[in-house]
Amino acid sequence: MFRARLSLWISLLLFSPAWAKPTLEQLQGFIARLEVRQQAGDLRGILRQAAEEPELAAIVVHDWPLETPDLPGRRRQLFTLVVRGLELKGTLPSESVKALLSPQEAVLTLEAAPAVEVGPRLEAIDWFYWGIPNANRLLDVGNYRQLATVFDAYVETLGGKPEARLYPALARMLAGDFPYSAARRRQMVAWAGENAENLSFLYASMGMAALDFGRADVAAEVLEPLERSLRDTRPERQPFYHFLLETLRYRLAARERVEKDLSELRASHDRAWEAFAAYKNGSSSDMRLWMRCAQYWAGILNSEVNFGKDEFKALQQADLKQLFRVSQEALEQGSYGAQLGTLNGLLELELDNLWLETRTLEQSRPVLELAATTLQTYRGWMEEDQQRQDETCPPGLRRRLGGDFRLDFAHGDLDLLESRYLALRQLHAPSPETLRALNEASDRSTRYHGLVGFRDARFALILNGQVALADRQRLLEGLQKDWERCQFRPGLLSLAMDRGRLLAESGRKAEAVAQLQQATGPLEGYLAELGAGALTLEAHRRNYLLLARLQAELGRPEESFATLTRFQNLEAVQRSARALWQRPEVARVRLLSEEGQALEQQASLQRSLGLAADSQLLADNRQRFEQALEQLLQREPRYRRALRVLPADLAGARRSLPADAALVQYVPGPEGLYVLVVTRQGVKARRIAVSQAELDKRVARLRTRIAGFASRPDLIKGFRWSDPKAPGYDNHTRPLLEDSRRLYDWLLRPLEADLKGRSVLAIVPSGNLYYLPFSGLIRSMGPKGPEFVAQRWQCVELVKAADLRELQKTVPTAQGLLALANPDGSLPGAEREVRVISRFFPKAGLHFGSDAAAPLLRALPKGTGYLHLATHGILNARDPLASYLVVAGSRLHIRDVYGLSFRDLRLVTLSACQTAIQEGDVTGGEVTSLAQAFSVAGGRAVLASLWDVSDDGTERLMSALYPKLARGMSLSKALQQAQLEVMAQAKFQHPFYWAAFSLYGDWR
C-alpha cells in the first residue's frame, strides 16, 4: 500500500505548477497555535527542513494516516494548515482556518506542490518522513536503547549533513553520555554551525552533563558561549535557558565555595525559578535538561530542611508545585516527552521526600493520581502509534536497521514512570501484585531507558522503613540482578551492605555479621581504587556501626574494635581528601578521581543498554590517577597519611597504649549503647540500655545548659552547687546535676572496674558525644559539692583509634611559643591571656591585631613547640569544611591548615573556638576535621574549646596550664591539674569556665 500511495504522489508532484515557499516562521506559527499531541512536536523538526525543501513536507503529510475514518478533527486541522502553508500563494486565508476539511480534501491541496523529481532522493526522504520523527519520538519516550540503533542508521545514511551527527550526540548527552574529548566537543560546536538554537541547547547540555560527571572545568568553559548564544534564541525560549544558566552558575560557585552562603543559595534559587515561571510548552528535550536542574535544587533544599532550616520548606513546596504545573500542562497539550520527564521527576522527588520524612502520604496523593491518569492515557496512544509505525517502515530502512528491528514506544520513560508510580502506590496500599509489577517495570526500564542507579524506585523502597522486611528483600533481589548485569559497582556494594542489614532486622545476627564483613572488603577496595575523594562512604556509616554492634553483641569485641578502627581510618582519609581536594596542588588528582567515577558510571549505563563499554578509557584513567597521586605524595609526603588508608592494627594499637591508659570507644545504636574498653590486656565490651535518641537528647541539653551559663547574670553572681535557695537552682543547677549524673551513669559508671588503676581516659566519641565535656561529668554529689570526672581521670580524645600510632614517636622537646591573638580587635582578653602565658617561655613570639596574620603560620621560628591561637574559631557542624579560624584580614579554613607544614610542634591551642550545633545527623565532623588537619600539618595535639568561653575563665585556665607544660608535664596531666586549680576557685567552679577545652591527639 505504501509503494502505491508513494507512486501516486510522485505523479502528482511531477505535474504540479511552481509555488511560493512560505517562511519558516509562518510554518512554526501554524503549529504553535495548536494544542495537538506529539505530531506537533514531530512536525516542528520536519518543517524546518520544509522551509528549504518543501517537497519533503509534501511526502510527510502524504504518508500520515489520512485514510483513518475517525481521524480526530484537530489532527485534520493540523494537516490542513500544513498543506495550506505550502500553497502556491504562500498565504493562509482566514476562511481556511475556520474550515475543517476532510482528510481527502486536505490531501488534494498537495496538487499545488512543486514539480520536482523526488525519486532519486527517496532513501534520504525515508529518514525525514519516517526516521527523524521516530528517532525524536524514541528520545521523547526515553527509549535510549533503540535510539542508539536508529541514530546510528541515521548517521550512516545522512553522514554528509552536520545535524546528522549533532542530533545523536545531543540525544546521548540527554541519555547520560558525556563528551570527554575536547576535540569531540569542538566538533559538536562545528556541527551546530551558526544556528543559535542548536548552539544554546548544545552548550546548556554540555554544561549540565559536565557537572553531572564531575567536570567543573568543562562546565565553566561553556558558560560564556552559552550566554552569548542566548542573544539570538527565540524570545519564548529565553526563560528556559536563563533557568539553566542560573543553575549552572550556582552549581559551579557552590562547588568551589568553602562556606555555604544560605542567602546566596536562596537568591540564586529565586533567580532561576523566576526565570522559568514564564516558560510554556516545553519540548521533551528541554524538559529532560530542566529536570536535572530541578532535581539539583531539590537536593540542595532537602539538605537544608534536614538540618532544621524550616524556611526552605516553603521553597521546596513551591518548586514541587511548579513541577506539578508543568506536568499537567504537558498532559493537556499531549507532549510525550515533557509530560513523562516532569512526572518522572516529580515521582522521584516524592519518593525521596517520603523517605526523608519531609512529606506525608496524603500530600503525595495528587501526584499518584496524575501518574495513574498519564499511564492509562499513554498506553493507549502508544499502541496506536506503534501499529502505524510498524506498517509504514520503508523496506530499505528496515533492512538497514535489521530485519527483526521493531520500534518500541512503550518502553523507556513509560516503564520508569510506571516503576515509580508502583513504588508510591506500594506505600499507599501495599500488595504482592504491585511489588511484582514494580520489579518487572524496573527491569524493563533499565533495559530500554538505561541505568537509573540509586534513583531506582526499588532502592528508595529498600531504604524506606515503612516497607515490610520481606518486601524489601524481594526488591533487593530484583535490583541485584539488574545491577549485576550493568556492573554498577557502587550499587552492588550498597546492596551487599543492605542485605546484611535486612538479615540483622530478621534476627539472623551471625549471618548478618558474615554478610557485612564480606561486603566491607570490596567497598574499601573500591574507595582505594577510585581515590579517597570518592564520596560514597558516608552512606555506609550506619552499616559499619551496625556490624560493630553485632560483633559486640555476639561476644567478639576484638572484631568490633577492628571494624570501628577500619571505618575511622576510611572516614579520616575521606575527610582529609575533601579538604585537600580544594587545594591547587591536588587539583589534577581530584580531576582524575572524578573523571574515573564518571567513566565507571558511563560504562554501567552503556552495559545496561546492551552497548559495548569503553573499558580502555577507564583503564587509562586509573593509570593516570595512580601516577598523579604518587607524584603528589612524593612532593608532599605529609599528605600520605591523609590520602592513603592505613590498615587496622589492633595488636599495634594495644601495644601503643601506656600502661596507665585505657581507650574507650562508644558505639551508640537505636536501642542501646555499646562501649569497647581497650587496654594492654585486651578488649572488653559493655552494653548500656539507653537509646541513641535519649542519649543525644541528654547530651544536647547538658551542653546547652553549661554553654548558656554566661548569659545568666543571676547565676554568675550567686551560683552555688548545694544551696536550693541560690539563684537559678531550680531551672539551671538541679537539672544540670541530674543530666550530668545520668550521663555519667550511662557512659562511665559501668566501666569503673575496667578503668581501675588507669589515670588516662582516652575517648573515641561518636556523633553528639563529640560535643560532651567528659571531664565535666559528675560522678557523685557530696556535702562539699560534686565530684567531677576531671578529679579522677585525665580526659583526652582521639579522632580515631589508629592515632595511637603517634604514641610510638618520641615526644617533641621544643619549648618555643608562637602566639597570635585578637586579630580583629574583638577579643581584648585574648591579648592579656597571651601576655600571661608568654612569661613562661623564654622564646616567645607574640603577634596582636593586624600583625596576627596567616603568613606567620607558614614558616614557624625554629624551636617552636607550642602554637597558641587566641582568635575566633567557627566550627560548622552542618558543613565541616566551612569551619575556619579568624586571622588578620582573612580566614584560615581547614583546607589552608592542610597546606601548613610544622615540625616538632607539641601542641596547637585554639582558645576561642565555638561550635554551633545544628539539628540533624551530626557526626562531630567539624571538630575531628580541624584536629586532623593540624595533625597532618605536623601538630601532635590540639586543644580546642567546645563553646565560647569568657575571657577571664580562659585566661585563668591557660595561665594555670602553660607553666606546667613549660616544666615538662604531660599534656593530659597539665590540663587536668589546670582544671582542678580553676574549679577550686569559688567564682570559677562552674564547668562553663574549666570544662570547655578538649585535648585531641598525643596526650603525653
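## Disulfides and cysteines

A disulfide is a covalent bond between the sulfur atoms of two cysteines. Counting pairs of cysteine sulfur atoms within 2.5 Å, this predicted model has zero disulfides. Two cysteines are worth a look for their surroundings. Cys293 is buried (under 20% relative accessible area, where over 50% is exposed and in between is partly exposed, using a 1.4 Å probe and protein chains only), with a value of 0%. Cys795 counts as buried too, at 15%.

## How confident is the model?

The predictor's confidence in each residue, pLDDT, runs from 0 to 100. Its average over the chain is 82, and 84% of the residues score at least 70. Over residues 1–122 the pLDDT is below 50.

Local features need pLDDT of at least 70 and side-chain atom pairs 80 or more, while totals for chains, interfaces and linings use all residues. Numbering starts from 1 along each chain as its sequence is written, and side-chain values use heavy atoms, leaving out hydrogens and water.

## A look at helix α12

Helices are DSSP runs of H or I with at least four residues, numbered from the N terminus. Helix α12 covers residues 196–212, and 16 of its 17 residues are buried, so the rest of the structure largely encloses it. Asn195 caps its N-terminal end, with a side-chain oxygen 2.9 Å from the backbone nitrogen of Glu197. Just after α12, Gly214 has a positive phi of about 75°.

Gln316 sits in helix α17 (residues 311–333) and is buried at 5% relative accessibility. Contact means heavy atoms within 4.5 Å. Beyond neighbours within four places in sequence, Gln316 is in contact with Leu301, Asn302, Val305, Asn353 and Thr358.

Methods: Helices (H or I, at least four residues) and strands (E, at least two) are DSSP runs, numbered from the N terminus. The expected span of a helix is 1.5 Å times one less than its number of residues. A polar contact is a pair of N or O atoms within 3.5 Å; within protein, one must be able to donate a hydrogen and the other to accept it, and residues adjacent in sequence count only if both atoms are side-chain atoms.
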